[in-house]
Amino acid sequence: VDMSVTLAGQRLRNPLMTASGCAANGKELHRFFDVAELGAFVTKSVMAEPRSGRGTPRMAETPSGMLNSIGLQGPGIKAFVEEDLPWLASVGARVLPSIAGSSSEEYAEVASVLAASEAFGAAVGVEVNISCPNVANRGLVFACDPVASSTVISLVRETLPPRVPVFAKLSPDVTDITAIAAACLDAGADGLTMINTLLGMVIDTDRMRPQLGGVTGGLSGPGIRPVAVRAVWQVRRAMLEGVMPTVPIIGVGGVRTGRDALELVAAGASAIQVGTATFNDPAAPVRVLDELTGLLESKGFASFGDAVGVAHQR
Ligand code: RRO
């Protein structure tokens with residue numbers, strides 16, 4: 001099976017990626033597998049300045065998955081381009097840096113520092129995280145509003161060189177994800193990543209208070225996989241119906257096995273990210289690639305691309 005894939009003009013050796021946030025810069029996972037074997041390594045969303053994030057505890061386990069309220073902890077864009085990105089480039093990884101901001105201007109600033117950096121050649125695109133559920137400023141989830149989404153995406157698109165595709169990372173916490181997707185594409189996004197975590201909350205019934213320092217958090221893992229499949233399906237369907245241009249969709253949400261990945265691919269995803277599963281199995285992204293390859297082979301697909309969106313044809 002030919003597992004190579006071209007995403008918005010960038011050829012990748014395979015469709016498997018890490019999901020943003022679950023490994024910061026690649027060094028943690030490189031101890032378990034060669035991160036250059038991935039289609040791309042997606043880094044933790046980085047902002048203009050270093051940040052310490054929200055109060056602890058920041059993670060909680062639930063039967064349906066994991067809840068986090070990290071709050072964009074990170075080194076800031078300067079340290080990212082001086083240390084993290086060059087390291088990933090030095091081991092031969094292709095990188096999809098994820099960027100964030102608390103204003104559209106901050107996104108543009110982060111994008112311009114990134115684009116001017118020496119190691120930027122390792123980037124196969126930029127993932128614009130407009131959907132962090134853990135911003136201190138409540139109501140500031142850009143991806144929940146088409147106008148805010150569009151403003152951020154168009155500024156970042158103008159800032160980056162045209163050869164670099166822009167992927168907008170969308171939130172599941174909206175009533176009509178196709179409307180947000182359409183707004184992002186209209187603003188110049190070259191692809192979409194779906195989905196970020198689903199806003200949730202856990203209460204500690206021993207102490208009778210919220211379990212997370214940040215009170216609410218983002219749910220990831222098995223419980224949100226059906227939500228991701230639905231979101232990818234709806235947006236792919238809207239593309240097939242001509243409601244918006246057809247661009248690559250990167251599917252993410254609760255993928256733990258090759259079969260989980262295949263579900264998102266059949267719904268319309270041209271690449272797959274693995275996040276929460278790496279906490280139990282750090283090599284999950286390459287294991288999922290092997291399992292997906294085997295499944296496609298057993299089903300008689302000659303190439304990965306032939307399987308993208310097939311469930312829409314039946
Ligand atoms: O840092 C976080 O708390 C975080 C981010 Br930026 C995000 O996009 N999604 C998430 O679940 N957590």
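Tutor: Start with the residues around the ligand: Lys-44, Asn-68, Ile-70, Gly-71, Leu-72, Asn-129, Cys-132, Pro-133, Asn-134, Asn-196 and Thr-197. The model is predicted, with local features needing pLDDT of at least 70 and side-chain atom pairs counting only at pLDDT 80 or more, while totals for chains, interfaces and linings use all residues. Residues are numbered from 1 along each chain as its sequence is written, and side-chain values use heavy atoms, with hydrogens and water left out.

By class, the shell holds 4 nonpolar, 6 polar and 1 charged residues. Here Ala, Val, Leu, Ile, Met, Phe, Trp, Tyr, Cys and Pro count as nonpolar, Asp, Glu, Lys and Arg as charged, and the others, Gly among them, as polar.

Polar contacts come next (pairs of N or O atoms within 3.5 Å; within protein, one must be able to donate a hydrogen and the other to accept it, and residues adjacent in sequence count only if both atoms are side-chain atoms). The side chain of Lys-44 has an N or O atom 2.6 Å from an oxygen atom of the ligand. Asn-129 also uses its side chain, placing a polar atom 2.7 Å from a ligand oxygen. Ile-70 takes part through its backbone, where an N or O atom is 3.2 Å from an oxygen atom of the ligand. On its own the ligand has 310 Å² of accessible area, and the protein covers 93% of that (areas come from the Shrake-Rupley method with a 1.4 Å probe; for residues, only the protein chains shown count as cover).

Now the empty spaces. Rolling a probe the size of a water molecule over the atoms shows where empty space is left. The search uses a 1 Å grid over the protein atoms alone: a cavity is a set of points where a 1.4 Å probe fits but cannot get out, a pocket is an open set with protein on both sides within 12 Å along at least five of seven lines, and lining residues have an atom within 4 Å of a point.

The ligand takes up the space of the largest pocket; a molecule sits in a pocket or cavity if more than half of its atoms lie within 2 Å of its grid points. This largest pocket contains about 640 Å³ of space (grid points are joined across faces, edges and corners, and a volume is the space filled by probe spheres set on the points). It is lined by 40 residues, of which Ser-20, Gly-21, Cys-22, Lys-44 and Asn-68 are the closest to its centre. The lining divides into 19 nonpolar, 18 polar and 3 charged residues. At least two lining residues come from each of β6 (65-68), α2 (77-90) and β17 (271-274); helices (H or I, at least four residues) and strands (E, at least two) are DSSP runs, numbered from the N terminus.

The whole structure also has 2 cavities of 30 Å³ or more.

Note on methods: A residue is near a molecule or strand if one of its heavy atoms lies within 4 Å of it.
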